[in-house]
Amino acid sequence: MTAQGTPVLSLHGISKHFGAVSALTDIELDVHAGEVVALVGDNGAGKSTLVKILAGVHAPSAGRIAFQGREVTLPDPAAALSLGIATVFQDLALCENLDVVANIFLGRELSPYALDEVAMEIKAWTLLQELSARIPSLRETVASLSGGQRQTVAIARSLLLEPKLILLDEPTAALGVAQTAEVLDLIERVRDRGLGVLMISHNMEDVRAVADRIVVLRLGRNNGIFYPDASNHELVSAITGAGENAVSRRAARRSTRDSSLGETA
Amino acid sequence: MGDAKLVDRADERLKSAAGIGGAILAFLDRVRSGDLGSLPVIIGLIIICSVFQSLNTVFLSPSNIVNLLYDSSTIGVISLGIVCILMVGEIDLSVGSVSGFASALLGVLWVNTGIPVFLAIIAAILAGAVIGLFYAFLFNRFGMPSFVSTLAGLLAVLGLQLYLLGESGSINLPYGSPLVNLGQSLFVPPALAYLLGALAGLALFWRSWRTAARRRNANLSAQSLHILVGRAIVITVVLEAAVFYLNRGRGVPLMLVVFLALVVLLDYALTRTQWGRAVKAVGGNREAARRAGINVRRIYTSAFVLCAVFAAIGGVLSSARLASASQQAGTGDVNLDAIAAAVIGGTSLFGGRGNAYSALLGIIVIQAISSGLTLLDLSSSLRYMITGAVLAIAVIVDSLARRSRVSHGRA
Ligand SMILES: Nc1ncnc2c1ncn2[C@@H]1O[C@H](COP(=O)(O)OP(=O)(O)O)[C@@H](O)[C@H]1O
Ligand SMILES: [Mg+2]
């Protein structure tokens, strides 16, 4: 399912240097409305850096960002949020001294001069129920939550804004089996509502399950675009660099052992 | 009514805590996990009062309590500013100097230049705001630690104060003027004081009752009417008893009412507005607040400016109390008393945690120590040592509570 028309998000030649380190070089990327794009790559490939650029956390060193066809700059997170780009960061970015409701509504509280705690709590419960979250009390501080619960709070936060584009940096990394399925369902629901989704994951099964396109980054550069029907071998060699590597060696050992087992049977 | 139907009580892991017994259990649970609130300072205050009362029976006499609260009001207001700045995890070491500078400016403009007093007060407060803006600029623009910039400010602003006062070194404010009356002889008429106490209790009840009703309508757990009524009655009785006691002395100082009004106002701003939420968020996790789209610099600026403005208001009030603007105003222990009060009252030095009432409780503790030792005719050397020890205890309690919160998942 590839959506047509102007992409929600379109990146041209995005580069990012941290001092002498080039975290990203000449990245090209499109995300359409109603499309889930998976961003995959090894550790340190620059995925989180790209997400942070799109969230307005880092400024790119070079390149252009177009959002809904218009060229934009994202000087700070507030700019990205007001455009309709919501982000679930890998390092979550929650305030541990605030309770769950306060974290979900942080920066977007209802009635700023006389906070409407009741309405916020109801809305928070609704959002979390959509995510089948198992959080006993929303009036406890976030410090008392497990990693998975925090992840759910962060995801609920990103949905609150009714964004046009959602960036999810390893959203299922801390989640259990059932909740992972719940989040994947949610990603599909969000896509079906016509939002663009950019998802980072190390889990190829999850990626294949929901992604419409798979964009591979390697050492800060584009290293191919795949579709969910691509073979594991193709994906892995794009991620790790074509040819011989630890993954292919393991796979090779495995297949020779399997075939030798087959012969003896 | 089955608790199971409530949205926020649905999880079976929640210990159901209903009624008054449940509320007490929940409170004990909170305390045990390091969420101490005002408990340590109230216990400390009771101990301090018992000790001084047993040493000198004048200590708890109405007239001494009136004086004690009168004196608390000026530095208490300065301490409110410290609460603001500590909440974002920064510090202002120059509040004493700023208060002294504000009182000097007031004296010069009002007495020496003949400008109407309210204009002079506004000018003094604006001067405080400008100083706060400057600290915020240094912090936001150059990342200058507030510890250093305000230490420099302490000296620079003290210099300004001395410069303004010039040769004479001291300006007497006219006796009989409304401002000096506020600082020395204005008391709330007894009937009005009782009425204010009752109104406070009623307002508290009305607000909590409305919230409870809305929560119940929304199918959320809400406090039962018993608890709401009980709490409102207890608070009203305590307030009325205090008014009664003070009225046996000179009465309720108007300046105390001004201070209390500022406490309530700041408490509202910190707990019930978007700004207050942002202040706590910035103090708790600056980067998370930034990523939530909060303009972090503006929040820091507001905290620095508010802190200096409260310091200036405190300076105006203390010059009214002393009927003079002198070179000594704001020097000595004003600075540390104001900072110690906020911390003793329970506002954390680590940011993101605290409340406006800590300034009130903390300053009463400090003034109680000071007043008790004065009654015993003990020198200020002992006063410094004891206040220092209390501050150290407060910081230890703060650190231990923080550690306990971390291990109980409430950091
Ligand atoms: N704030 C930073 N300062 C310096 N280097 C950074 C910073 N953030 C990321 N990097 C570097 O950028 C590269 C990409 O990191 P990252 O985007 O986190 O990778 P990924 O999320 O794909 O694992 C890494 O080499 C990392 O060391
Ligand atoms: Mg990453």
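Helices are DSSP runs of at least four residues, numbered from the N terminus. In this predicted model, helix α1 of chain A spans residues 47–54. Helix α1 gives three residues to the shell around ligand 1, the largest share.

The shell itself is made up of Phe18(A), Ala23(A), Asp42(A), Asn43(A), Gly44(A), Ala45(A), Gly46(A), Lys47(A), Ser48(A) and Thr49(A). By class, three of these residues are nonpolar, five are polar and two are charged. Several atoms approach the oxygens of the ligand. From Gly46(A), a backbone N or O atom lies 3.0 Å from an oxygen atom of ligand 1. Lys47(A) places a polar side-chain atom 2.8 Å from a ligand oxygen. For Ser48(A), a polar side-chain atom is 2.7 Å from an oxygen atom of ligand 1. On its own, ligand 1 has 560 Å² of accessible area, and the protein covers 59% of that area.

The interface between the two chains was examined next. Contact involves 42 residues of chain A and 33 residues of chain B. The size of an interface is often given as the accessible area lost when the parts come together. Here, the area buried between chain A and chain B is about 3100 Å². Carbon and sulfur atoms give 54% of that buried area.

Polar pairing also occurs across this interface. Between chain A and chain B, 13 residue pairs are in polar contact, counting pairs with both residues at pLDDT 80 or more. On the chain A side, the elements giving two or more residues are α2 (77–83), α4 (117–130) and α5 (147–160). Helix α4(A) provides the largest share, eight residues. By class, the side of chain A that touches chain B holds 23 nonpolar, eight polar and eleven charged residues.

Side chains of opposite charge can pair when their charged atoms come close. Four salt bridges are found across the interface of chain A and chain B. In one salt bridge, the side chain of Arg277(B) meets that of Glu117(A), with an N to O distance of 2.7 Å.

Over all chains, the count comes to 17 salt bridges. A pair within chain A joins Arg150(A) to Glu96(A), with the closest N and O atoms 2.5 Å apart.

Notes: Residues numbered from 1 in each chain as written. Chains lettered and ligands numbered in written order. Predicted model: local features only at pLDDT ≥ 70, side-chain atom pairs only at ≥ 80, totals over all residues. Heavy atoms only, no water. Contact = heavy atoms within 4.5 Å. Buried area = accessible area lost by both parts, 1.4 Å probe. Polar contact = N/O pair within 3.5 Å; in protein donor to acceptor, adjacent residues only side chain to side chain. Nonpolar A, V, L, I, M, F, W, Y, C, P; charged D, E, K, R; others polar. Near = heavy atom within 4 Å. Areas by Shrake-Rupley, 256 points an atom, 1.4 Å probe, with all protein chains shown as cover.
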